[in-house]
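Visitor: I'm new to this one. Could you show it to me and walk me through it?

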Amino acid sequence: MKLYDLEASGNCYKVRLFAALANIELEKIPVDFLSGAHKQPPLSDMNPLGQLPVLEDGAQVFRDSQAILVYLAGAYGGLAWWPAHPQGQAEIVQWLSFAANEVQHSLCAARLVQKFGYDLDQSAALAKAPAVLALLDAHLQRHDWLALGRPTIADCAVYPYVVLAPEGGVELEPYSHVARWMKRMEELPGFLPKP
């Protein structure tokens, strides 16, 4: 399997993190992002959105980190990471959606502006961040993990942009339950540190 990868990307980190935790071997193909290689063939043929990561597994090609997590967990990760029953899948998918929406438009967006100079509304992103982190913290006050009472791809989807949030000017200190969850993540066998 080939992962078309950008080391600094939180979305790529989600996939690398899960692969490390689940012992899934990936060939990482670094993409020259600054030259726009992600927006040119062959990558633009694999992902017309011109985004990373992209996963190629034989004839199968997947874009979007959340979709890649579901594929890898379902195909290679076993039931511990992606259960067979719809209730468990839905419990995980609600957190994948949280990562793709609430986290993306707050913690991730603030980091993209501050660290990489993206033309996004940093003040709006920073204004959203406390509510996102408060929701996460409240959930983690009652649960050790985001879904199913154990580590799943839900944790792999949310963790990267939370741990990288200070790079966008977002303070994590007020969220003690989030801090304990991040520590639990970092103690998992095979854990891959942030880029």
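Guide: Let's begin with L3, which stands opposite K28 in β2. This is a predicted model, in which local features need pLDDT of at least 70 and side-chain atom pairs count only at pLDDT 80 or more, while totals for chains, interfaces and linings use all residues. Residues are numbered from 1 along each chain as its sequence is written, and side-chain values use heavy atoms, with hydrogens and water left out.

Visitor: How many bridges join β1 to β2, and how do the strands run?
Guide: Strands (E, at least two residues) and helices (H or I, at least four) are DSSP runs, numbered from the N terminus. Two strands pair if DSSP finds at least two bridges between them. Here β1 covers residues 2-5 and β2 covers residues 27-30, joined by 4 bridges, and they run parallel.

Visitor: Which hand does the crossover from β1 through α1 to β2 have?
Guide: Picture the strands pointing away from you: if the path from the first strand over the helix to the second runs clockwise, the crossover is right-handed. The chain goes from β1 through α1 to β2, and this β-α-β crossover is right-handed.

Visitor: In which sense do β1 and β3 pair?
Guide: Strand β3 takes in residues 54-57, and K2 stands opposite E56 there. Over 3 bridges, β1 and β3 pair in a sense that is antiparallel.

Visitor: Is R16 buried or exposed?
Guide: R16 is found in helix α1. It touches residues including L3, D5, E7 and K28, leaving aside those up to four places away in sequence; contact means heavy atoms within 4.5 Å. Buried means under 20% relative accessible area, exposed over 50%, partly exposed in between (1.4 Å probe, protein chains only). R16 has 5% relative accessibility, so R16 counts as buried.

Visitor: What kind of aromatic pair do F18 and W81 form?
Guide: Rings of Phe, Tyr and Trp (its six-membered ring) pair if their centres lie within 6.5 Å; planes under 30 degrees apart count as stacked, over 60 as edge-to-face and the rest as tilted. The structure holds 7 aromatic pairs. F18 and W81 sit 5.1 Å centre to centre with 80° between the planes, making the pair edge-to-face.

Visitor: How many residues apart are F18 and W81?
Guide: Both F18 and W81 are buried. F18 lies in helix α1 (residues 10-21) and W81 in the loop between α3 (65-77) and α4 (86-116), so the pair links distant parts of the chain, 63 residues apart.
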